[in-house]
Amino acid sequence: MNYLMRRLATFPLVLIGVSIVVFVAIRMVPGDSITAMLGTEAGLLTPQQRDALAAYFGIDQPWFIQYWHWLLGLLQGNFGISSTYGKPVLGVILERFPLTLELALLSMIIALAVGMPAGVFAATHNEKLSDLGVRMIAMIGQSTPNFVLALLIIYTLSAGFGVLPAMGEFSPLWQDPLRNFGQLLLPAVTLGFAFAASVTRISRSAMLDVLSDDYVRTARSKGASARSVIWRHALPNALIPVVTLSGIEFGYLLGGAVIVEQIYALPGLGRMVLDAILQRDYALVQGSVLFIALNFMVVNLLVDLTYVALDPRIRLGEH
């Protein structure tokens with residue numbers, strides 16, 4: 001419990017550091033929200049009109065004053081107003097986050113369902129032809145960019161089968177589960193393929209280390225079946241590096257898979273952040289990055305707690 005409280009206590013400090021970095025970084029990008037919003041029509045504004053818009057968006061004051069006002073708003077639960085959507089930033093984020101969360105979960109399920117058995121299979125057939133085949137496929141999966149796989153899937157479906165992935169207006173899970181699944185399946189496969197390759201390699205390496213340990217040889221000498229040795233004795237102790245990798249990857253996925261969301265026309269968190277950067281929507285970029293950073297810290301905390309569940313010998317916070 002002390003470890004948990006200490007980790008939670010660091011959250012505000014990390015978020016403040018992230019907020020300063022993103023606040024400065026987005027303002028160092030050339031241009032401003034007025035020009036990005038109006039385009040060429042911004043040149044038609046009179047100085048008085050531009051000053052009025054700058055005051056409305058709060059960009060007429062020095063940076064440290066803008067940051068202080070924004071920070072005070074955060075403490076009151078106000079992330080600001082998005083200049084792109086004309087709505088509260090938190091509301092816009094929460095509208096997009098369910099899609100990204102669902103896509104991340106589907107990608108993780110696919111990656112673990114494929115990668116874990118493949119890694120165990122390769123480890124138990126070490127240096128055999130089947131092991132070499134699995135490793136080659138994993139190398140191909142890791143070296144193939146997501147956008148290449150996405151374009152290959154779309155091309156194969158359109159040219160080979162005369163159909164296109166379900167795109168267009170997104171259907172939430174609670175409104176049309178079947179259409180929602182159809183819209184997210186191929187993006188999840190695209191993201192899960194590369195991650196499955198990483199899981200395969202990590203789980204294979206971890207299983208090879210565990211299978212050579214004394215307790216595994218002892219279990220075999222006591223007459224335990226090969227299935228029991230692999231899945232009951234060896235696999236739980238080989239899961240820790242897989243959990244570490246999964247936590248990091250899941251945190252990135254919660255930040256939004258920008259390229260995949262763009263290719264499949266999904267209105268997710270990553271695509272929203274990209275559009276906000278292009279539109280110089282300062283409030284939306286700042287709020288989104290903070291939200292993503294918070295998700296990443298929560299996932300990392302859950303990963304650390306999972307270590308203890310997998311291996312009771314681990315004691316968090318002890319030196």
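1. Rings of Phe, Tyr and Trp, the last taken by its six-membered ring, are counted as a pair if their centres lie within 6.5 Å. In this predicted model, the count by that rule comes to five aromatic pairs, and ring pairs link F23, Y67 and W70 into a cluster.

2. The second largest pocket, with a volume of about 310 Å³, draws two or more lining residues from each of helix 1 (2-28), helix 4 (63-75) and helix 13 (282-310). Helix 1 gives the most to this lining, with four residues.

3. Residue by residue, the second largest pocket is lined by P12, L15, I16 and S19, by L71, L74, L75, F79 and L90, and by L290, F291 and L294. Sorted by class, this lining has 11 nonpolar residues and one polar residue, with no charged residues.

4. Four salt bridges are found in a search of the whole structure. One of them is formed by R7 with D304, whose closest N and O atoms are 2.4 Å apart; because R7 lies in helix 1 and D304 in helix 13, this pair ties together parts that are 297 residues apart in sequence. Helix 1 and helix 13, which are joined by this bridge, are also among the elements that give two or more residues to the lining of the second largest pocket.

How values were computed. Residues are numbered from 1 along each chain as its sequence is written. This is a predicted model: local features need pLDDT of at least 70, side-chain atom pairs count only at pLDDT 80 or more; totals for chains, interfaces and linings use all residues. Side-chain values use heavy atoms; hydrogens and water are left out. Rings of Phe, Tyr and Trp (its six-membered ring) pair if their centres lie within 6.5 Å; planes under 30 degrees apart count as stacked, over 60 as edge-to-face and the rest as tilted. On a 1 Å grid over the protein atoms alone, a cavity is a set of points where a 1.4 Å probe fits but cannot get out, and a pocket is an open set with protein on both sides within 12 Å along at least five of seven lines; lining residues have an atom within 4 Å of a point. Grid points are joined across faces, edges and corners, and a volume is the space filled by probe spheres set on the points. Ala, Val, Leu, Ile, Met, Phe, Trp, Tyr, Cys and Pro count as nonpolar, Asp, Glu, Lys and Arg as charged, and the others, Gly among them, as polar. A salt bridge is a side-chain nitrogen of Lys or Arg within 4 Å of a carboxyl oxygen of Asp or Glu.
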